[in-house]
Amino acid sequence: MTTPATLVMLRFAEPKDDVAPSDELGALYDLQVDAGLSLPPVVSACTGFGRQFSNGSGLDAVDVVPGSSLATRDVTVQAILSWDFVGQNTYGSHGTIVARGKGNAAAEYVSYAVSLRVVNYALQIGELRFWWQDNAGVVHEQLGGQFVVPAAGYVMLTAVRHWVSTTAVELRYYVGDQLIGEFLSADGDIGGGTTGTFTVGTRYVAGVAGKFFVGVLDQLRVLNYELSAEEIAATWDRIARLQPRGYRAIRDLLPPGAPISNDPASRIQKLLRIAGHAIGYAAAQVENIRHNLMPDRAYGPALDQWEGCVGEAPKASDTVVVRRRRVLGHLRQHAGASPPGIAAATADLLALAPSQVQVLAFDQTIRDDFSNGLRSELWFADPAANWTINAGALRVQALAADVITFDGTTRKWYTCQTAAPGGGGFPLAPLADGRGVHMFAKLTPTLLPNHAEVGIFFYDWAHGNALLLGLRDAGGVYQVVTEGFRAWVSQGVVVQAVSALVPHWLHLSQQLGGGAIGFGLSHYSAAWSTTSQLAGYTLSGDIQHSTTFQYAGMYCRMTGALAGNVDAAFDDVILRCPFAPRPFRWYVLRDPTLPGTPDLTAAHAALQRIKHAHTTATVITTKSLLADTPNSGADRGPCGAIT
Amino acid sequence: MPPVGFFGSSTGVYSSAGGTEIFLVPQSSRENDVLLAIVVQPSASPITAPAGWTLLASDALGAPISQTCYLFRRLVAAAEPAQHVFAVGMALAPQPVGLLLQYRSVDNTAAIVAHGLTAITPTSVNFAAPSIVLAHYSDLVLLVYFALSAGGLTPTFTLPAGTTQRGPTVYGGGGAGGTLAIAEYLKEAIGATGALQAVCTATNTGLAAQYGVQASPTLLAPSIVPDVAGAIGLPSIGV
């Protein structure tokens with residue numbers, strides 16, 4: 001980022017015509033008059049002396065250090081002047097205040113220029129506008145801010161250019177403290193060379209001066225950064241209100257009837273003005289701090305400090321408004337990182353309106369009634385063809401000829417499983433803490449032939465541990481059964497009850513406590529109901545099984561050759577893991593179908609700064625884990641399965 | 001604060017099953033911006049705009065092109081929704097097409113200054129938007145050009161010289177819909193704008209329209225009239 005600096009400051013304070021105007025900062029050699037042009041004479045102006053420009057007059061100079069007045073990106077041009085509107089209209093062309101470059105060669109391409117235009121003479125409408133040349137020398141006139149030109153007096157004009165990209169440039173224009181125009185330009189290709197000429201009061205086309213400014217130029221400065229509205233307003237407030245009030249304050253201190261002249265041009269009154277304006281200047285600095293210290297209006301070094309305090313470093317292309325918004329977003333978080341604060345902090349980085357930022361946070365329970373289909377971000381169906389959505393439920397089907405054995409040694413069953421909510425993600429991360437896990441599901445068997453079994457299960461694939469609760473057909477008898485596997489070895493089938501081919505609500509859970517039963521083991525219980533989800537449950541006896549598992553889900557298997565096709569449906573699944581860390585993981589989803597070019601890396605970095613230390617936050621562009629897909633978040637844990 | 005400033009756009013998406021035309025709010029929108037939505041659809045089907053939108057104009061055409069061109073306006077709120085859903089009717093053919101334009105410095109309370117629309121019969125490639133009379137030097141002229149697709153081909157426009165296209169060219173309903181292009185013209189004078197003619201790639205049926213939209217008032221520049229020269233002017237430090 002360019003260090004903010006004033007490039008040129010011309011006060012035109014020289015008392016005589018033949019004393020060359022000089023740049024207060026020394027960036028330019030003294031301004032000269034080109035052959036064929038006339039020297040604008042010194043006149044009394046607003047802040048002191050000024051120069052009276054007219055048709056045929058102009059000044060120019062080159063940089064002492066080449067490039068010191070060049071600005072090909074951000075730039076602000078500010079001037080105090082009295083525009084001779086009638087004279088400009090009579091002259092019949094635009095009036096150039098300043099142009100950096102003479103335009104006739106690459107080194108002289110105009111990197112910035114500001115001019116005045118008579119828009120509507122009858123209505124006294126004038127316009128302040130930027131223009132510049134691109135790197136091919138093509139002139140790009142910009143839309144300008146229009147204003148009613150006052151009948152007399154001096155105005156402070158400010159033209160601000162903020163370069164965003166090669167296709168986006170923000171332009172703002174002010175008169176005094178009033179914003180008179182704001183535009184977005186596509187002309188981000190800006191030319192100019194270090195050895196270009198700085199011209200005042202005229203511009204050159206093919207080596208010929210023209211577009212002369214008609215009026216008095218009192219002061220002119222050029223800055224290499226975007227001057228904020230607050231800063232401009234503070235300057236205008238000082239010049240137009242506080243300094244005159246300081247002068248009045250000094251006069252009010254004088255005893256009534258003091259034998260001094262009241263003539264503003266008298267020596268004593270001029271001395272009083274000096275003191276009064278000094279007071280006004282000091283008051284303006286105080287007022288500026290009072291108004292613009294807080295981050296919602298801060299600019300310049302104050303905004304830099306705010307950004308340093310909250311750790312929100314700006315991008316070079318960020319506007320002052322964007323930078324403030326990000327700081328405010330950081331400061332406004334409360335009760336956790338609040339959605340409005342997150343939106344404020346990340347919207348611009350994600351190239352979204354704040355209302356389009358989606359903040360996703362979760363509790364320790366996964367619920368799915370399959371009304372939104374079989375969501376790939378939640379469920380892994382294997383084989384996919386045998387798990388379908390039908391009538392708002394998850395349907396599993398198997399043909400009589402299918403071999404779907406699961407006996408520990410052979411593992412060809414059909415499963416639809418998810419990472420348990422205690423786990424970080426599916427299928428990469430292990431279970432973090434699955435204590436006290438519960439799983440509910442409604443099972444509706446339609447076709448359940450002999451040797452077929454459908455149900456729910458917990459699964460530790462890595463260690464060969466599984467715990468099953470299901471309904472099976474054993475020679476025409478429907479049984480509720482449980483079976484545990486440890487290291488792929490069955491611990492025995494337990495027939496919990498004889499039931500019927502009716503809907504079953506199944507509940508498998510791990511109990512907390514219950515006494516020590518050996519390393520890595522916990523107490524489990526199974527329950528089932530044929531009444532409803534909420535009533536009529538029968539509870540099994542204690543089941544001792546390994547503590548850890550990664551997956552939970554639904555299964556379909558056979559215990560012998562299937563006597564026919566299998567058809568069953570699962571619905572209203574609830575999976576709750578009370579010790580899961582899922583609530584501490586939250587996400588900002590950037591919908592990739594929306595327009596714009598997001599800076600995902602910067603947005604992710606912003607989240608890391610504003611998130612609470614005990615949470616993990618990630619910017620994602622999909623709710624599904626898509627490993628090795630750029631920007632899926634898969635490379636920044638936690639991965640995937642965030643529903 | 002003329003002239004008005006264009007900042008962004010979004011293309012309407014028609015849902016045949018839902019009967020809606022949905023516009024996403026441009027990401028650059030901020031409070032007090034003005035959104036203008038232009039929708040062209042079969043005239044038999046009225047449009048119901050969501051809350052907060054004001055209908056500025058609706059111009060219906062009879063045969064040979066039974067289309068209506070709607071112009072709506074809305075002031076962007078502090079908590080602006082992410083999208084706006086217009087109820088346009090289900091299973092329309094040809095499908096509606098629309099474009100949402102985001103402006104600053106458009107007067108949000110003024111009535112439309114003038115509007116004029118004409119049907120284009122398939123005898124010429126010239127789509128001439130009829131002249132309107134502007135009341136203010138700063139009025140914004142929006143030019144709307146729409147052509148129905150014919151023979152599975154999607155027409156495009158060459159817009160009039162001196163105008164600036166705003167937003168992308170919108171193609172609705174594949175080969176069975178139409179093409180919508182919108183341009184902006186700043187005349188900077190009161191009075192008649194004259195007919196402004198776009199050239200279509202084919203002699204399609206369509207419409208051409210001009211809408212005069214009023215800009216915010218021009219501000220009087222605050223000034224200093226010094227009795228005696230001498231003051232601390234532009235700052236080299238501080239403000």
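Start by selecting A:E182 and B:R30. They form a salt bridge, with the closest N and O atoms 2.5 Å apart. The term means a side-chain nitrogen of Lys or Arg within 4 Å of a carboxyl oxygen of Asp or Glu. Across the interface of chain B and chain A, the rule finds four salt bridges.

A note on conventions. This is a predicted model, where local features need pLDDT of at least 70, side-chain atom pairs count only at pLDDT 80 or more, and totals for chains, interfaces and linings use all residues. Residues are numbered from 1 along each chain as its sequence is written, chains are lettered from A in the order in which they are written, and side-chain values use heavy atoms, without hydrogens and water.

Next, show the whole interface. Select 41 residues from chain B and 69 residues from chain A; contact here means heavy atoms within 4.5 Å. The two chains bury about 4400 Å² between them, 60% of it on carbon and sulfur atoms. Buried area is the accessible area (1.4 Å probe) lost by two parts on being put together, summed over both.

Now pick B:I224, B:L234 and B:V239. In chain B these lose the most area to chain A, together 19% of what that side buries.

Turn to polar contacts. Between chain B and chain A there are 26 residue pairs of this kind, both residues at pLDDT 80 or more. Each is a pair of N or O atoms within 3.5 Å; within protein, one must be able to donate a hydrogen and the other to accept it, and residues adjacent in sequence count only if both atoms are side-chain atoms.

Select β1 (5–11) and β20 (219–220) of chain B. Each supplies at least two residues of the side that touches chain A. β1(B) gives the most, with three residues. Strands are DSSP runs (E, at least two residues), numbered from the N terminus.

Which residue in β20(B) is the bridge partner of A:F147? Zoom in on B:L219.

Finally, stay within chain A and select A:E24 and A:R11. Their side chains meet in a salt bridge (2.5 Å, N to O). Both residues lie in the loop between β1 (6–10) and β2 (42–44) of chain A, so the pair ties together parts that are 13 residues apart in sequence. Over all chains, the structure holds 29 salt bridges.

How values were computed
Helix = DSSP H or I, 4+ residues; strand = E, 2+ residues; numbered from the N terminus. Pairing = 2+ DSSP bridges.
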